[in-house]
Amino acid sequence: MATVPSLAATVRLRVSDALSAALPEAASADPLLRRSDRADFQANGMLALAKQLKGNPRELAGKVTEALPAQNEDGTIARIEVSGPGFLNITVADRAIVENLAARRRDERLGVPYADDPGTTVIDYSQPNVAKEMHVGHLRSTVIGDAVVHLLEHRGETVIRRHHIGDWGTNFGMLIQYLIEHPHELDHASDTADAKDAGEAAMARLNRLYKSSRALFDSDEDFKARARDRVPALQSGDAETLALWHKIVDESKTYFQGVYDELDVEIRDADIVGESAYNDDLQQVVKDLEESGVAVRSEGALCVFFEDIKGPDGTPTPLIVQKSNGGFGYAATDLAAIRNRVGDLKADTLLYVVDARQALHFRMVFETAQRAGWLPEGAARQLPFGTVLGKDGKPFKTREGETVRLVDLLDEAVERAAAVVREKADASVAEEEIQRRAQQVGIGAVKYADLSNSMTRDYVFDLDRMVSLQGDTSVYLQYAYARVRSIFRKANGLEPVPHPERELVPAERALALHLDGFGDTLVTAADEYAPHKLTAYLYELATLYSRFFENCLVLDPGEPEQSENRLFLCEMTAKVLHQGLALLGIRTPERL
Ligand code: ARG
């Protein structure tokens, strides 16, 4: 395993060394290197620096150019020219480009570095609610969380996943009481082996239970009273009550797993640590907050107040840790979870992949935990995501105004994908294979659309666009991957072999330099928790690949070395597309 610095990083270092040699005051100044169309890179840093030192930027750039040869002994930089008001245009040597890529190929991580000082991150994502359907909000949390987990793990971070499912609360009183009085309500024939079907059946039973108990609750005062009395029994851990609660939670987990299976994400049972897990800690949380004065009683409720958080009428909006009737809400549980995650799990970083509409809640919870001394400043961070909108620009709903069931949405995505796949495939491809590809294309499309939008933005859920072969979609990337793979099936004995001695044409350079930037992109995407930076990189890669493919004949029997070198670029493209998409949770079928 060997880390391979990108050429961009090497060039930046060389220029910055030349800069300090030319001008000792400029040591450690950033040369502000960018990819450029005129040369391979452009450094703009001389402009600001000259201004700061009251010098002439062109003169400074000239001095850097003169100081460069001493720094550039291995010949990475082939040419450097002063241009415009004092930019540096920098061209790297063809040899350096191919050699660098060859070094990446020898490493199974493609030369991508581990973080220097990895720590432990606890990430709270995919937190559906028991006895309820999953909806598009849960889709976003699941898909984004899964990608962030992979990106961080790839950097060597220890990641502890927490699915803070909504498995506690007063509404369980009603469901459990109904089950006590109708003990066969959840009975059923044994589950099918198919996770999705089993999940759907479980959800159907839960829906039925919910509807019947709700109807009784609303029409029968005596039942309502019995249901309310069931809540303290649950909270105090009464055995019969708990057993039925478990039954409901297990039904829900069967349903969740069915959805996760379809979504092609790995959610492990041990990581499902719901709100109920913190039930025993809530009294202590309250006691400590009250004793330390972080929280105060106000109209019977235990509240935390904030200088700058006020309602529309100017009165302060508190975080309510305990209600006046003694009940605990969402805040107390989140506070207990923070203590567990920092204190017991030894997290350095806490992430919460939760809807942006909960931003105020998390701000208050984090601030409270800091005041209480449970959370170091800056250690917790919400990764807020925007709302999924319908084509009408309003929050995504069915025509009847109901929330869209996630399973229906995924089914439709796969169905649309099947149409696209079927059209592309030749007649000999069996229907089973079409369905297999459609699954990977459809689910990939939904994930990609979600990830390629910057997280905080709302986005329109538009399946037609998502499964389109044109534009910034996963299908376009999967198709690029399949096209690369198909070349190898036609290679007729030719192998990918790097030839650093060969000159590169522009389309080859552009592709190769972009491939070399994979590691830099992954570092940024992981450090900034920004999967969309990886999708943008991969999209650009696929675009550069098709330009390369149009301009450069890959398999040319008369030019074996050129073919080998081009096959090598193809191979690297496939590897990067495959690894990059895998980190985003998207499959790369061999044929499309
Ligand atoms: N279960 C909640 C929902 O479906 C999200 C929970 C978010 N996580 C947390 N630690 N509060 O909206």
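I took two strands to pair if DSSP finds at least two bridges between them, and I took helices (H or I, at least four residues) and strands (E, at least two) as DSSP runs, numbered from the N terminus. I noted that residues are numbered from 1 along each chain as its sequence is written. I also noted that this is a predicted model, in which local features need pLDDT of at least 70 and side-chain atom pairs count only at pLDDT 80 or more, while totals for chains, interfaces and linings use all residues.

Confidence. I looked up pLDDT, the predictor's confidence in each residue, from 0 to 100, and found a mean of 94 for the protein chain, with 100% of its residues at 70 or more. The scores for the model are ipTM 0.98 and pTM 0.96.

Hairpin. I found strand β3 (residues 77–83) joined to strand β4 (residues 87–92) by 6 bridges, the two running antiparallel. Arg-79 has Thr-91 of β4 as its bridge partner. The hairpin has 3 residues between the strands, and Gly-84 takes a positive phi near 50 degrees there.

Parallel sheet. I traced an open sheet of 4 strands in the order β6-β5-β10-β11, with parallel pairing. β6 (158–162) and β11 (380–382) each have a single partner strand and stand at the edges, so one side of each lacks a neighbour in the sheet. On average, neighbouring strands of this sheet are turned by 20 degrees against each other, direction ignored; the axes behind such angles are lines fitted to C-alpha atoms, for helices over the stretch in contact, and angles run from 0 to 180 degrees between N-to-C directions. Strand β5 (residues 120–124) runs parallel to β6 and is joined to it by 5 bridges, and Ile-123 has Arg-161 in β6 as its bridge partner.

Antiparallel sheet. I then followed 3 strands that form an open sheet in the order β7-β8-β9, with antiparallel pairing. Here β7 (296–298) and β9 (319–322) are at the edges with a single partner strand each, so one side of each is left without a neighbour in the sheet. Between strand β8 (residues 301–304) and β9 I found 3 bridges, and Val-304 has Leu-319 of β9 as its bridge partner.

Helix packing. I looked up helix α6 (residues 171–181) against helix α8 (residues 221–235) and found an angle of about 105 degrees, with the axes 7 Å apart. The two are therefore roughly perpendicular, a class that covers 65 to 115 degrees, whereas under 35 counts as roughly parallel, over 145 as roughly antiparallel and the rest as oblique.

Ligand. I listed the residues surrounding the ligand as Asp-124, Gln-127, Asn-129, His-164, Gly-166, Asp-334, Tyr-352 and Val-354, where a residue is near if its C-beta atom, placed from the backbone, lies within 6 Å of the molecule.
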